[in-house]
Amino acid sequence: MKFFRSWEATGRGINPNAPKKTPFFRFWDVMWHNLGKLVTLNTIYTLLHAPLLLSLIIYIDTNNKFTNLMVLLLLVIQFILEGPIMTGCTRVLRLIVLDKAFFLWEEFKKGFTSNFGSGLLYWTIDAFVIASAVAGYYVYPKIALESGNNAIYIPYGISLAVSLILLFMNYYIMPLQAATTLNKSSVLKNSFMLVGLSLKQCVITTLGAAAMLGLMALLIMLSSYFMFLLPFFPAAFIGYLVLFVNYPVIQRYVINPYYEAKGEANPEDEPVVSEEDRVFTDRGGYEEPKEQKSSKKGKTIS
């Protein structure tokens with residue numbers, strides 16, 4: 001009985017004209033094929049957060065006149081790096097979603113350096129809104145309690161709505177920066193407009209990211225050993241989820257119309273080769289399997 005078939009044995013192959021998989025199954029299929037790249041990307045993302053980790057170590061383990069200064073300096077460095085890190089990751093994740101061949105480190109470096117200023121600007125806006133939302137969480141209820149005026153919750157609700165809109169916009173800001181040559185103001189404007197055209201996709205992305213974070217929190221609560229997964233997977237998975245769900249919206253409303261107006265084919269699509277220019281024909285899915293002949297020779301009587 002053979003447990004492993006010979007590598008020389010032929011099969012039907014894969015039919016290139018087979019029906020495309022549904023988005024749900026394609027999501028897992030593309031992720032599985034690029035799992036090594038996602039783990040590598042998450043590792044790079046973790047290593048580039050070394051200033052943040054080092055600041056926590058210094059704050060906890062030291063207590064001298066330089067402690068606060070060193071912590072502040074490391075946090076400033078991390079703040080400056082955060083936006084460019086996201087632009088580099090987005091460039092790589094876009095290529096993974098498009099299922100293109102690429103060199104991960106080269107693409108990450110291009111995204112990091114070429115969009116350094118843009119990434120810093122977008123992250124500064126995010127940080128300002130996040131800080132405002134966190135401050136509002138503590139300030140508005142306290143003011144309402146002390147003054148007895150519940151109308152103070154109206155501006156609080158507005159600030160939360162702005163934060164939610166910005167969260168949805170972030171699903172498009174970095175991908176637009178990575179995929180187009182739009183200037184920064186156009187990127188922000190188009191991101192806002194795309195949110196209005198894709199509320200369903202934004203909600204799906206948010207729920208999926210929340211589910212991943214919830215799963216990781218649950219696993220860590222069950223056993224602290226699951227913390228070792230953090231440097232290798234969840235951040236890249238969430239980024240992949242964002243690009244997989246929301247990047248088709250960018251293609252539909254931004255990229256495809258641009259090339260259609262110019263009368264050109266979208267280079268992100270698979271190239272179409274005419275029958276005249278075709279050199280080989282892929283017969284995957286049509287060939288009949290051939291059984292490998294046994295290589296064993298019968299005994300010879302001399």
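Trainee: Which residues does Asn246 touch, leaving out those up to four places away in sequence?

Mentor: The model is predicted, and in it Asn246 touches Tyr171, Tyr172, Gln201, Cys202 and Thr205. Asn246 itself sits in helix 10.

Trainee: What makes Asn246 buried or exposed?

Mentor: Its relative accessible area. Buried means under 20%. Asn246 has 0%, so Asn246 is buried.

Trainee: How do you know whether Leu120 is buried, exposed or partly exposed?

Mentor: Set the value against the two limits. Under 20% is buried and over 50% is exposed. Leu120 has a relative accessibility of 26%, so Leu120 counts as partly exposed.

Trainee: Where is Leu120, and what does Leu120 touch beyond its neighbours within four places in sequence?

Mentor: Leu120 belongs to helix 6. Its contacts, with those neighbours set aside, are Phe79, Ile80, Gly83 and Pro84. Take Gly83: the C-alpha atoms of Leu120 and Gly83 are separated by 4.6 Å, although the two are 37 residues apart along the chain.

Trainee: Which residues of helix 4 and helix 6 meet?

Mentor: From helix 4 (residues 67-97), the residues are Phe79, Ile80, Glu82, Gly83, Pro84, Met86 and Thr87. From helix 6 (residues 116-147), they are Phe116, Gly119, Leu120, Trp123, Thr124 and Ala127. By class, the contact of helix 4 with helix 6 has eight nonpolar, four polar and one charged residues.

Trainee: Why are helix 4 and helix 6 called roughly perpendicular?

Mentor: Two packed helices are described by the angle and the distance between their axes. Here the axes of helix 4 and helix 6 come within 7 Å and cross at roughly 115°. The range for roughly perpendicular is 65 to 115 degrees. Helix 4 and helix 6 are therefore roughly perpendicular to each other. Helix 4 passes helix 6 in a right-handed crossing.

Trainee: Helix 6 also meets helix 7. What is the angle there?

Mentor: Roughly 160°, with the axes of helix 6 and helix 7 (residues 153-179) coming within 10 Å. Over 145 degrees counts as roughly antiparallel. So helix 6 is roughly antiparallel to helix 7. The crossing of helix 6 and helix 7 is left-handed.

Trainee: Which residues make the contact of helix 6 with helix 7?

Mentor: Helix 6 brings, among others, Ser118, Gly119, Tyr122, Ile125 and Asp126. Helix 7 brings residues including Tyr153, Pro155, Tyr156, Ser159 and Ile173. By class, the contact of helix 6 with helix 7 has 14 nonpolar, seven polar and one charged residues.

Trainee: Why is helix 1 called oblique to helix 10?

Mentor: The axes of helix 1 (residues 23-33) and helix 10 (residues 234-262) come within 12 Å and cross at roughly 140°. Perpendicular stops at 115 degrees, and antiparallel needs over 145. That leaves helix 1 oblique to helix 10. Helix 1 passes helix 10 in a right-handed crossing. The contact is made by Pro23, Arg26, Phe27, Trp28, Val30 and Met31 of helix 1 and Phe237, Tyr240, Leu241 and Phe244 of helix 10.

Trainee: How many nonpolar, polar and charged residues are in the contact of helix 1 with helix 10?

Mentor: Nine nonpolar, no polar and one charged. Arg counts as charged, and Arg26 of helix 1 is in the contact.

Trainee: Where is Phe192, and what does Phe192 touch?

Mentor: Phe192 lies in helix 8 (residues 184-197). Not counting residues up to four places away in sequence, Phe192 touches Ile165 and Met169.

Trainee: What is phi of Asp99, and where is Asp99?

Mentor: Phi of Asp99 is near 60°, a positive value in a residue other than glycine. Most residues other than glycine have a negative phi. Asp99 is in the loop between helix 4 and helix 5 (104-114). With a relative accessible area of 44%, Asp99 is partly exposed, as the limits are 20% and 50%.

Trainee: How many helices and strands does the protein have?

Mentor: There are 10 helices and zero strands. Buried residues make up 32% of the 302 residues in the protein.

Notes:
Residues numbered from 1 in each chain as written. Predicted model: local features only at pLDDT ≥ 70, side-chain atom pairs only at ≥ 80, totals over all residues. Heavy atoms only, no water. Helix = DSSP H or I, 4+ residues; strand = E, 2+ residues; numbered from the N terminus. Buried < 20%, exposed > 50% of the residue type's maximum accessible area, 1.4 Å probe, protein only. Axes fitted to C-alpha atoms, helices over the stretch in contact; angles between N-to-C directions. Parallel < 35°, antiparallel > 145°, perpendicular 65-115°, else oblique. Left-handed = near helix turned anticlockwise from the far one by under 90°. Contact = heavy atoms within 4.5 Å.
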